[in-house]
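Here is a short report on one structure. Look at the chains first, then read on.

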Amino acid sequence: MATTVLEPTMTRTAALAKRSVLVDWLTTVDHKKIGIMYGAWAFFFFVIGGVEALIIRAQLARPEATLVSPEFYNQLFTMHGTTMIFLAVMPLSAMFFNFMIPLLIGARDVAFPRLNAMSLWVFVLGGLFLNASFLFGTAPNGGWFGYAPLSGRQYSPGPHMDFWVLGLQILGIASLAAGVNFFTTILNMRARGMTLMRMPMFVWATLITQVLVLLSFPVITVALILLMADRLFGSGFFVTAMGGDPMLWQHLFWVFGHPEVYILILPAFGIISEILPVFSRKPLFGYSAMVFSSAFIAFLGFGVWSHHMFSTGMGPLADSFFSLATMLIAIPTGVKIFNWIGTLWGGSLQFKTPMYFALGFIAMFIMGGLSGVMHSVAPADLQQTDTYFVVAHFHYVLFGGSILALTAGAYYWWPKMFGKMLDEGLGKFHFWTTMIGFNLTFFPMHFAGLLGMPRRVYTYPSGLGFDLYNLMATVGAFFLAFSILVFMWNVIKTWRSSERAPADPWGGATLEWTIPSPPQEWNFDDEPVVTERDAVWGMKRAAGVRMLPEPVAGDGKGIHMPGPSWWPLVVSLGILSFFVGFMFDKPWAFPFGPVTVFGLLLTTFAIFKWAYEAPDAHATNH
Amino acid sequence: MTTTTAALDHHDHDDAHAHHTSLPIDNRKLAIWTFIGSECLFFATLISTYLVYAGQSVKGPFPTDIFSVGLVTAGTAVLLFSSFFVVMALDGAQKGDRKKMLTWLSLTVLCGVFFAGMQVYEFWHFYHLGLGYSTNLFSASFYTLTGFHGAHVALGTLWLATILKDAIKGRVPPKKALNLEIAALYWHFVDVVWIIIFPVVYLMQMRS
Amino acid sequence: MALPRALWRRHLPLGLLALFAVVVLAGCAGENYPQSTLHPKGDFAELVDAVFMKTVWWATAIFILVEAALLYAIFKFRGKPDDPEPKQVHGSTVVEIIWTVIPAAVLAFVAVPTVQTIFKTAEIPASSPDGQKPLTVEVIGHQWWWEFRYPELGIITANEMHVPVGRTVDIRMKTVDVLHSFWIPQLAGKRDLFPNRETRLWFTAKEAGEYPGACAEFCGLQHGKMLFYVMADTPADFDAWVARRMQDSVTVVPMAAAIPSDTVGPAADATGLMDTLTVSPMAQAAMDPRVAEGEKLFLTKACAGCHSLKAVGGPPVMVGPNLGGIGARRMIAAGWMRNTDENLKHWLQNPQEVKEGVLMAGYTLSDAEAEALVAYLRTKQ
C-alpha cells in the first residue's frame, strides 16, 4: 500500500534529506526511480547483447571465416539470446510497468514498493552474474534453450551452463516477485471509477503479461532446478543412461518458452494501443475486442508449446493439434492489427516520432506474424525450424515488434519520465536508420534460411548460396548499431538541453498527462477520479478545452510516502550469494557450502528486518 | 521462497488506515492468493515430473522396497489437523480471544515441527537404506518433490512461529489478524499440496 | 540469366516481400542452391514445398492487402495540429466480426492441406515408386559426424549416404551422445535424433545428384561443421557402389589406384573403377611405394584404433567414422572440405586446426608421412 498516515518524525525526515544521491538510489522504493533504473540497466544489457550480435555478424559476413573461435561463437549466441530476452526486452518492458502503471491507474505507488525494489536489484545482480561469466572465459555455451543432454554435465563440463542455470533462476525470482506486485497493484489500486473496462490498454497488457509470468515462470524454475540437480548433484532427470528423457526438458522449456514469447510482445501491443489513439486524435478502435484478443492470445499461448518441437517426431495427431492451435492465434492477432488500422482510419494523424515508431511496428509486425503462420504448418516447419528463416521470423517479432514498440514508448513517455522532450529531428533520423538497418539485417535471413542455412552455426561453407545474404545482414547489423548510436546521441543532447517539457506535450488521454513532468514523488496531489475510458480526453471535453491548464506543482502536504529501505538490496545480495554458492561450494559437501548457507542466512535475516522495519513513512513536504 | 516477502511486507500497510482498494480485498491477501496461484504451477510441474518418471528408474531401490506408509500417514494426519488448528487460531485472533489464539497457534506450529521432523527422519532413514539423492530417477524425483514441499512446510512453520512470538508479546490485536490470516492461507495451500503428493507418491507406489 | 517460368512462380511471392530481394533473386537458379528447401528433388520435400508455397501465396496476398491498407491510412488521414477533432469512432461490431471471420476462413485454406500433408508425410510408404521395398538406412549421430548403416546390405559408412534414385529410403535415427537433427533440404525435411528413442524420416530421390545436408540441432562446439551428403545414384551406380563396399571387406593388401588422384571424385564413377580392382594388388602397390608406407602408418599411427577401412564385416562399433571407400568420397571432415590430396593432407596433419575439439588428435605427421597416408587412403575407392 502506497501511503500511510503515521506521523513522521522530523528528525527522520531531516536525515532523509541529507542522504547522498547514491544512497538515495540504492534504497529508493519510489516506483519512478525504480523504473528509470530498470531502463538504464536494461539498456546497458541491451548494448552488451548488441555488441555480441555485431561480433556474430562479423564472423558470418564471409563463409569459412575464423574471426572468433567456435567456442566463443557458441558463447556469443547463447548470451545474445539470453541477454536480449531476459536482460533487455523483459526489463525494458518492466521500466514502463514500473514508471507508468501507477500513473496510468492514478495510484501513488505500487502495492509493495519494497518488493518492487527487490525485483529490480535481483534482476540487476542476476544480469551481472550471468555476464560475469565472460570475465572467466566461461560464458554459457549451450544455447538460450539449454537442450539436454548437451546442457548436462557430461557434455557441458565446466561452469558455463552453471552460470546459465543459476542466473536464470535468480532472474526468475525477480520476474515472479514483480508479477505478484503488479497483478495486485493493477487489480487493487486503480483510481476510483476506473473499472477494468476503463483501464488504458497498456494496463490491460501489463495485467495479462503478469498472469503469463506467474503461470509460466514456475515451470521453467522447476526445469532449471532439475537441470541444476543433474549438473551439480549427479541426478539423472535428463540422463538417458539413468532412464531420464531429454524430451521432458523440451516440454518443460517450451511450456514456459511460448508464453514467454507473449510476455515479450504483449507489453509492446499495449504501448502501441496507447500511442496510436493519441496521435490519431481518436479513441482506440474496438477496445473490448483488443482486451479479449490479448486474453485469448495469452490463453492460447499455453496450448501451443509443442510447435517448437515438430521436428522431434511427435506423430501426426499431435502435429495436427499443435498446428491448428497455433494457427488460431493468428485470428486474435489479426484482430489487433485491423483494429490498429481502424484506429488510424478517419483520424487526424500527427506524425511525431512516437507515431513513426508505432507505425513502423505495425508494418514490421505484420511480416513477423505472417512468417509465424508459416511455421505453424507442421510439414513446412520441418524445413524451417532451426534455420535462419526462424531467426528472421523472431527478429521481426522481437525487434520489429517489441523493440520498435519500446522505442515508440520511450519517445512517447520520455517527457513524462525526465521532463524533457527528445529531439524530433534526431528521432525521425533514428527511425529511418532503424528501419533501413533492421530490414537490411533480417530480411535477407529469410532467404538464407529457405536456401538451407541452419541456425547456430559458427561458419558455413561457400558454394551453398548463403554468402550474399549473410554479407547483407552484416552490413545491416552495423547500420542498425549506428541507429542505436543516433538514439544515444539524442538522449545525451536532450539531457544537456535546458528546455522543459510541458505536462501534456502530445494531447494525451490518460492520467499521467494531468501531472507535472517529471511527476512529484507522490504523483497525484489529489487522488484522481475516473468516469470514463480515455479519462483525460473526457476532462478536456467537459472543460471545453483542447489542453488542460499546466498543473502547478503541489507541496505534498499531508501525503505520506513509504520511506527508503536497505533491506530489498540486502535480500537481493543474499539471494545472489545463495545461488552463487552452488558454483563455488562444489568442493564442499552440498548443501552445506558456506557461501550458500551465508546467502540463506542473509536472506532470512534481511526478510525479518524488512518485515519488522519501522513503518517509516516520511512526509514529502520536507 | 522470496516471493513470500510480499506477504511478510506487512508494514507497508497500516491497518489503522483503510486505504481505498479497487477490489474488496486487502492488497496482501490478494498478493498471497496470486502467489499461491503461481505456486500451483510450481508443484504441478514437480508432481508431473514425478509421475512421468514413475517406474522409469533403471535400478533400485524402488518405492515398494523402501516406503513404510505408517509414519508418513501419521505425518499427513498431523498436517491435516494443523489446518484445522490454524483456523481456530485465526478465529481467536479475529475475536480478540488471546488465549484461544495462542493455544491453537502453538499447536499449529508444533504440528509443523512434527511434520518437518518426520520428513527429516524419513530422508535419513531412506538414505541409510541406500536411497541417496542421485541413486536413481525415483530417488531424485522423490527427494526433489517432497524436499521442496518440506521446505515450504519449514518456511510456513517459521512464519507461523514468528507470528506466535508476536502474539505472545501482544502484538497481534484483532485489527492485525490479517497477518495471521495470510500466513494461514499459505499454510492451507501447503497442506493441500500434500494431500495430492501423499496418494501420488506413497499410495500409488509405482515400480519398474 | 533468364529465370524459368516455374522458378518465377516460386520466387515471385517471396520476392514481392521486398523489392531489393527481387533484384537479388532474379539471378538465382536451383543449381546454385544445392541445400535449398525451395528446389525439391525428392517426394517428401515436394509434399512439404507444395503446402509451404500455398501458405506463401496466402501470406503474400494478406501482406500486400494489409500493408496497403496501412499505407493508405497513413497517407489519406494525415492531419495538422490545428485541424478540428476527427469524428470519435469507438468501433464497429459488424466490421470487427468481418475481420475476425475472414482470417479464420483463410486459415481453413491453409489448415486443410496442412493436416493432409502431416498425415501423408507421417506414413512411410510400404513400397517404393519403383515397386521395391524401401531401403532401410540407419542414421547414427555422433559429435560431430554421421554414421550411416544399411542393415539389409551389411554396409557401414559415414558422412556420405548413397541411395538409389526412385527407391524410397526408410531412415531410422538415433544418437550416441547429444541431440542432432538430420536435415536434407532438397530431399526431405529434418528430424531430430534422440539417444533413447528411434525417430524416422523417409524420402525418394527423384533425380541423381549430390545433395548436401546439415545437422540442424545445436550439438556443441562443432555443430557448424557437422555436414553430410546424400549421393543419389542411378540404380546401376548404386549397385556398383554397393559392390565396391563389399570389396572393402575382402581387400587384404592395399590396392593402389590406377588412376591419378586428381581425377578422383564424382567423375571416378564413370571411369570404370570396377576394372581397377581386378588389377593385381601387388603390382598396383609397386606403382607407388608410398602406398605400402601409408598402410604401415595407418596401422602404427593410431588411425586403425578408431577407423575401420571395411564397410562390411568390420568391427561394428568404432569411435571414428568408417573409412571404407574414403578415397572416392567427395568431402572429408564431415562434409566440410573437398576431398583433395592437399586438403586430406592438411586435415591429417592439423585436425584441431580444421575442426577444433574433434577426437582426432594431432599425430605429428611429417609431410612425407602425411603424403604416404594420403596415397594409401586414396586407394580406398
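Helices (H or I, at least four residues) and strands (E, at least two) are DSSP runs, numbered from the N terminus. In chain B, the elements run α-α-α-α-α-α-α from the N terminus on. That comes to seven helices and zero strands.

This is a predicted model: local features need pLDDT of at least 70, side-chain atom pairs count only at pLDDT 80 or more, and totals for chains, interfaces and linings use all residues. Residues are numbered from 1 along each chain as its sequence is written, while chains are lettered from A and ligands numbered from 1 in the order in which they are written.

Chain B has 208 residues, and 44% of them are buried (20 or more other C-beta atoms within 10 Å of the residue's own, with C-beta atoms placed from the backbone).

Now chain C. Its domain bounds come from an automatic or database domain assignment.

| Domain of chain C | Residues |
|---|---|
| domain 1 | 5-122 |
| domain 2 | 135-236 |
| domain 3 | 251-378 |

Domain 2 of chain C gives 20 residues to its contact with domain 3 of chain C, which gives 19 residues. Two residues are in contact if their C-beta atoms, placed from the backbone, lie within 7 Å. On the domain 2 side, strand 3 of chain C provides the largest share, four residues.

Gln186(C) sits in the loop between strand 6 (180-183) and strand 7 (190-193) of chain C. Why does Gln186(C) count as buried? Because 29 other C-beta atoms lie within 10 Å. Its contacts beyond four places in sequence include Ser36(C), His39(C) and Tyr211(C).

Key
A residue is buried if 20 or more other C-beta atoms lie within 10 Å of its own, exposed if 12 or fewer, and partly exposed in between; C-beta atoms are placed from the backbone.
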